[in-house]
Amino acid sequence: MTAGGPDAFVLGVDSGGSGLRVALGSADPGGQVFTAACAEPVRTGPSGIDPAHLLAQVLPVARELLARATLGDGLRTQLPTALADALGVRRVALAADAVTAYAGALGQRPGAVVAGGTGMIALGTDLATWRRADGWGHLLGDSGGGAWIGRAGLDAAMRAHDGRRGGSAALLARLEAVFGPAAGLPGLLYPRTNRPAVLASFAPEVAACAAGDGVAAGILRAAAAHIAEAAAAACPPPHTGPAGSREHDGEPCEVALTGGLFKMGDPLLGPLHAELARQVPQARVVRGAGDPLAGSLEIGRALARGELRLPPHPTLLFLPVPA
């Protein structure tokens, strides 16, 4: 635990026969929790747990978790002063990548942006608040993103290898062409630290098979449904009209698609446009004007002119008060 006060943390350790788990969280019960796992169990002897082996595993993991937990605070407290001292910077905006993607695609207009690559996140605003949907990583979400599509394609390939229902011979052939024998895939995939990227690398193979393979086409239809669902959740809500009625005042919600995922073209975009029309009938799909780098410049220019309309947020768009 660190010193008391607003920066206090608590450390939890769970040591068992299958491994070691470590959690670091704010002393505030409602704060964020960071976790990590060590595959190797702590050695035990006649006297119980080996304390030296326990510390050898816990200490580096605890330091890494503490660095993750305090990274945002460090940026907020140190970066503005450092930039002011080195470059004379007077105003700083710290924006999440989803926000720079939004600003690059739509500028400072209300609407929603779906950023799809290895992962998938949708972010929308009415210029008063932000609405976020997904972007929770490949284990908890990113539904419809590249890793999600690739994993679904590999699952269908392995089903074909085993003779189970839902398999795709076409995807099995592509798996073996890309990765080698199917039975060796777990040994290639599971030890990798970049598993989401490896999974996503198979997504184009799914798209390539979709025209002639019903299973592959079904995976892309399911991905499109997930993406549209996220877009629907991120779109600004309709205005409240007379007597509490819900209306859009005739104004469509601009939805921009950005990121490498959508370079798949028609195999994904065809079902996606159909799903957007069904799930988000008020959506008007537009081409994004620029990428996240262009978005960071858009935010900087607006900040310099005193014309930043995108709403501030503690983690999405943080605006430190000038010294």
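**Entry 1: H2 against H10**

I started with the contact between H2 and H10, where Val99, Thr100, Ala101, Ala103 and Gly104 of H2 meet Pro292, Ala294, Gly295, Ser296, Glu298 and Ile299 of H10. Contact here means heavy atoms within 4.5 Å. This is a predicted model, so I note that local features need pLDDT of at least 70 and side-chain atom pairs count only at pLDDT 80 or more, while totals for chains, interfaces and linings use all residues. Residues are numbered from 1 along each chain as its sequence is written, and side-chain values use heavy atoms, with hydrogens and water left out.

By class, I get six nonpolar, four polar and one charged residue in the contact of H2 with H10. For the classes, Ala, Val, Leu, Ile, Met, Phe, Trp, Tyr, Cys and Pro count as nonpolar, Asp, Glu, Lys and Arg as charged, and the others, Gly among them, as polar.

I then looked up the geometry. H2 covers residues 97-106 and H10 covers residues 292-305; their axes come within 6 Å and cross at roughly 85 degrees. Axes are lines fitted to C-alpha atoms, for helices over the stretch in contact, and angles run from 0 to 180 degrees between N-to-C directions. H2 and H10 are therefore roughly perpendicular to each other; that label takes 65 to 115 degrees, with under 35 roughly parallel, over 145 roughly antiparallel and the rest oblique. Helices (H or I, at least four residues) and strands (E, at least two) are DSSP runs, numbered from the N terminus.

**Entry 2: how covered is H2?**

How many of the ten residues of H2 are buried? I find nine, so I wrote H2 down as mostly covered. Buried means under 20% relative accessible area, exposed over 50%, and partly exposed in between (1.4 Å probe, protein chains only). The buried residues are Ala98, Val99, Thr100, Ala101, Tyr102, Ala103, Gly104, Ala105 and Leu106. Just after H2, Gly107 takes a positive phi of about 70 degrees.

**Entry 3: salt bridges**

I searched the whole structure and got seven salt bridges. The cut-off is a side-chain nitrogen of Lys or Arg within 4 Å of a carboxyl oxygen of Asp or Glu.

One of them joins Arg109 to Glu254, with the closest N and O atoms 2.7 Å apart. Arg109 sits in the loop between H2 and strand E7 (111-116) and Glu254 in strand E12 (residues 253-258), so this pair ties together parts that are 145 residues apart in sequence. Arg109 is partly exposed at 38% relative accessibility, whereas Glu254 is buried at 12%. I also see Arg109, Glu254 and Arg284 linked in a network of salt bridges.

Asp155 and Arg159 pair up as well, at 2.9 Å from N to O. Both lie in helix H3 (residues 146-162), four residues apart, about one turn of the helix. Asp155 is partly exposed at 27% relative accessibility, and Arg159 is partly exposed at 27% too.

Arg305 and Glu307 make another, at 2.9 Å from N to O. Arg305 is partly exposed at 48% relative accessibility and Glu307 is partly exposed at 44%.

**Entry 4: H3 against H4**

Next I checked H3 and helix H4 (residues 169-179), whose axes come within 8 Å and cross at roughly 105 degrees. They are therefore roughly perpendicular to each other. Gly153, Leu154, Ala156, Ala157, Met158, Ala160 and His161 of H3 meet Ala169, Leu171, Leu172, Leu175 and Phe179 of H4.

**Entry 5: nonpolar cores**

Which residues have the most contacts inside the largest nonpolar core? I get Val114, Ile149, Leu171 and Leu175, in a core of 49 residues. A nonpolar core is a set of buried Ala, Val, Leu, Ile, Met, Phe, Trp, Tyr and Cys residues joined through side-chain atoms within 4.5 Å. Helix H8 (residues 214-234) gives the largest share of this core, eleven residues.

Not counting residues up to four places away in sequence, Leu175 touches Leu154, Ala157, Met158, Gly180, Ala182, Leu185 and Phe202. Apart from this core lies another, of 17 residues, including Tyr102, Ala103, Ile121 and Leu127.

**Entry 6: positive phi**

Leu127 is not a glycine, yet I read a positive phi near 75 degrees for it. Leu127 is in the loop between strand E8 (120-125) and strand E9 (130-134). Asp142, also not a glycine, has a positive phi of about 55 degrees. Asp142 lies in the loop between E9 and H3 and is buried, with a relative accessible area of 10%.
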